[in-house]
Structures are given as structure tokens and as C-alpha cells.
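Please consult the sequence and structure shown here.

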Amino acid sequence: MDTLRDFVSSTCRKKVHIGTALLPKPLFMRDPEVDGTFSNESDDDAQDAMSVIKCATISTVDPAFDPVITKAARDMPLTKYGQVLTSEFNAVVIEHHLKWSPLVCTLPGPIDQTAPPTNYLGRYDFHHVDTMVDFALKHNMEVKGHVLVWHVTSPPCLEDMSPDEVGSAVKRHIFTTMGYFRDRIQIWDVVNEALASDGTLVENVFYRKMGPSYIEQCFRWAHEANPRAVLIYNDNKVEGCGYGSDDNPRYRKNAPLQAKSDGFYNLLKDLVGRGVPVHGAGMQAHFSAGGVKHQRPPTPSMVKRQIRRIGELGLKVNISEMDVRVSKLPQDEALRSRAQTCIYRDILTAALSEPSFDGVWLWGFTDRHTWVKNFYYDDRPLIFSEVYERKDSYEGVKCALESISPDEAKSLVNRKYIDCDVDENGIEWGHEWMQPEPSSDDNEKDSTKQGNPDWLLPS
Ligand code: XIL
């Protein structure tokens, strides 16, 4: 059975990234429920392994969840997670451990469990990232570095620093991190989620201390740190263009979403226009199939339009953190699966039809390990089940990749919605599962200006 990775390398007309976010634990620690136990493994070992299998999602690295990955663990046969990862994907992005806070140790020696997010700079522990990066390179997978400058997982002590001190701390962090991985990581998310939902800049610690030009400054430092690296600006809720336009009356009530989509385009246009070394744009695509208001997923043609205009700036575009939540849909597993498959298939088919689109990265691949359960609610947002079986949505991704295969017939199958939201029979995309907009317009207070991430907004 062809894997996504094989299909891309053997069949697709253009070489794209089919990537996923990566966590160290499921990669290096055995999960007896899916990996079984090795004959030479005593029950205690299995028990130990069992006790540390949890999703690492907190803002600092906690030894209880992120033990040191011993040589033994690295040399063990691949876990199920490792098997699916290396056979299905040609690239990885570090989901959590390469962010500023998790990287910088609080105090010398073992990480203090009770310590709040770090308040010390300069002591870096690259251990977890090293093991993941070396593993990926050993399996000929490309690695994307995520993320150098993001206000959500940066050391809180930046708030107590002077503007100059923050500037030099950011510069040192960029040079230290990119320098350490200089020969192993050539793609970097430099700045993440700098835009509020009204399309203006979030007044985060970097904005308040370094001013609105901090984004440009960070890209210039990143380019200096590694002139060969591909540098990306990454953001969320920027995937669609055309909200409120006559083309899709159903989205008339979602017109406000156009503000962030335009803010994203204008920010990139301005950076390119001023010769700032930015090479690509990442659109996170954390979709909710049952979403309404600011959570309503864009249509394939809206995604194509957004990628098209960004591509015309000379930038590469990728979908950087895709997952599709379904638990806001009616409690009907078949409907939920059809909706999820439809979104993965049609949004990716539309994206892949654009020459500037160079890859899709999922935010994890198995429902067994997804941040959604810790940051939103219980859900099944990915393409492999809890026990690593291919879901219908997996076939959705495969279909999308077939749209760029030389096999004309196959490639034409799912393209009816990439340029228009209504097919030749007047059937609207998503008509079967798209949820109606609530009648009441309760003016939600927009807290994104202060930098509240999406998962802290009403969902
Ligand atoms: C999340 C990770 O999944 C969690 O493990 C971590 O604790 C917090 O960050 N946008 C981003 C990602 O750019 O880095 C976030 O990942 C999800 C939202």
C-alpha cells in the first residue's frame, strides 16, 4: 500500500513536503498498548514506559513527561509512532521543544519540576531537539525549525527587561538556535502569530519593547545567522480570501475574517517591498469542521485565492499546522468523517493547484497524540486513528496528492470546487455538514490584540 511519502516521491509532478509535527515521547518511549512489549523487557520496564506516555503540551519541558532520551531508547526498534512517521512523511517540524521557553533551562542541572516557565536566559538544553532532528535526518526527512519568535512560548522575564535588553536577547536567541542547527535545519518559522484578528499587529512583548519593526529585524538577523535558510512568517486564521464577497453569500456574515487575511497579505507585501529576507508564508489551518463565526473553515476556492495572491509576491506558501476538529458537528460519526475527509481533500487539492504552494504539514498525525485534546476539547482531528489505522481523512489527503499526479483522470477528480464554491449543479461546497451562522450577533470582545492565542478564544 503506497504511503503518502512514496506517492509524493514516486508519482507527484511537483515535489512537496508532506510533513508532520513531532513529539519526542511517542517517538522514543514504547507504548505497550500499541507497541506491545519486547520479550527481554521486564514488566517494570513496560510499567515505566507506560507511566511516561502522555502528551507533552505544557510550556516548559517537565522531566516527568520528557525524560532524558537514553542511547538505549534511541537504538530501540521503531515504535509504532516512529514506523508510521518515517513511512508516511518526508518532513518533520518540532511541535514544542524548539520554542524559546522549552529550550532555555531555568537553573543548572536537572530541570526543576516546580519552576514556572523559565526566568533565566542563556542556558540552552538542546537534548530533546537534537535527538528528534538526528532521528529525522537518519530517515532522510527534512526538518523545519519552529519557532524562533512567538510571544506565547517566550520567557516571561522579557517583560521585565528594557527595550535594548529585549532586542539583544532576541538577537542572541536567533543566532544561538539557528547557529546550533545551522547544518541540520534549513527551513525556519522566524515569527509566529504577530497579527490580531483585525489584521493589525498584536501588542505583544516584542511589539511593546522593540516596536512594530521587530518582525523585519528578526528576519534580517535570521538571514545573517544562516544565509542559506528559508525564512517563513507563520500565522493562524489567515487561510482564506473572499470573506463577505458576493462570490460566496454564505460567508457574508464572516466578512470580519477578511481583515486578518488582508493583514497577512499586506504584512508580507510590505516586507517583500522593503527587501526584507522573507521567503515563505505559513498558514496554520487549525480548522473546525463545525465552526461558525471566526471558527468557520474557509472554502477551497478561498484558500486558493489567498495562496495565489501571496505567491504573486514571489513567496512560497505552505499549510503549516493542519488539523480538522469535528466535535462541533452533530454527534454522527459518518457525517463527521465525511466532513473531515472533504476538508483535507478539497482544501489541499485547491492549495496544490497553486505553483507557489510547496507543502502541507499536519500538526501531528495520530489522534493518540494531538494538542487539541489538551488545548481545546476531546476530538479526533488527524488522519490516523488512536491505534494508527488510516482514517477516511487519510484517503482525503491521498486524493489531494493524486490531483498533482501525471494521471490526468485521477488528477481531475476533485477539482470542481477549487475555483468556485458552487458546482455545476448549484451544490455548495460543504452543504452537507457546514453549520449555519448563529442569528444573534453577540459582539465577542476581540482579545487577540493583547495576543491571546486562538485556543483561548470562544471556540
Ligand atoms: C502547540 C503545541 O502543539 C503544544 O504542544 C505546545 O504546548 C503549545 O503549542 N500554533 C502554533 C503551534 O504555532 O506552535 C502551537 O503548538 C499550536 C498553535
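This is a predicted model: local features need pLDDT of at least 70, side-chain atom pairs count only at pLDDT 80 or more; totals for chains, interfaces and linings use all residues.

## Helix α8

Helix α8 covers residues 127–138. Its 12 residues reach 17 Å from the first C-alpha to the last, close to the 16 Å expected at 1.5 Å a residue.

The buried residues of α8 are H128, V129, D130, T131, M132, V133, F135 and A136. After the helix comes N140, which has a positive phi near 50°.

T131 is located in α8. Its relative accessibility is 6%, and T131 therefore counts as buried, the cut-off being under 20%.

Leaving aside residues up to four places away in sequence, T131 touches F28, I69 and R74. One of these contacts, I69, is 62 residues from T131 in sequence, yet the two C-alpha atoms are 7.6 Å apart in space.

## Packing of α12 and α13

Two packed helices are described by the angle between their axes and the distance between the axes. Helix α12 (residues 257–273) packs with helix α13 (residues 300–311) at an angle of about 20°, and their axes are 10 Å apart. Since angles under 35 degrees count as roughly parallel, α12 and α13 are therefore roughly parallel to each other. The crossing of α12 past α13 is right-handed.

On the α12 side, the contact involves Q258, S261, D262, F264, Y265 and L268, which meet Q306, R309 and I310 of α13. Classified by residue type, this contact of α12 with α13 comprises 4 nonpolar, 3 polar and 2 charged residues.

Terms used
Residues are numbered from 1 along each chain as its sequence is written. Side-chain values use heavy atoms; hydrogens and water are left out. Axes are lines fitted to C-alpha atoms, for helices over the stretch in contact, and angles run from 0 to 180 degrees between N-to-C directions. Helices (H or I, at least four residues) and strands (E, at least two) are DSSP runs, numbered from the N terminus. Angles under 35 degrees count as roughly parallel, over 145 as roughly antiparallel, 65 to 115 as roughly perpendicular and the rest as oblique. A crossing is left-handed if the near helix is turned anticlockwise from the far one by less than a right angle, and right-handed if clockwise. Contact means heavy atoms within 4.5 Å. Ala, Val, Leu, Ile, Met, Phe, Trp, Tyr, Cys and Pro count as nonpolar, Asp, Glu, Lys and Arg as charged, and the others, Gly among them, as polar. Buried means under 20% relative accessible area, exposed over 50%, partly exposed in between (1.4 Å probe, protein chains only). The expected span of a helix is 1.5 Å times one less than its number of residues.
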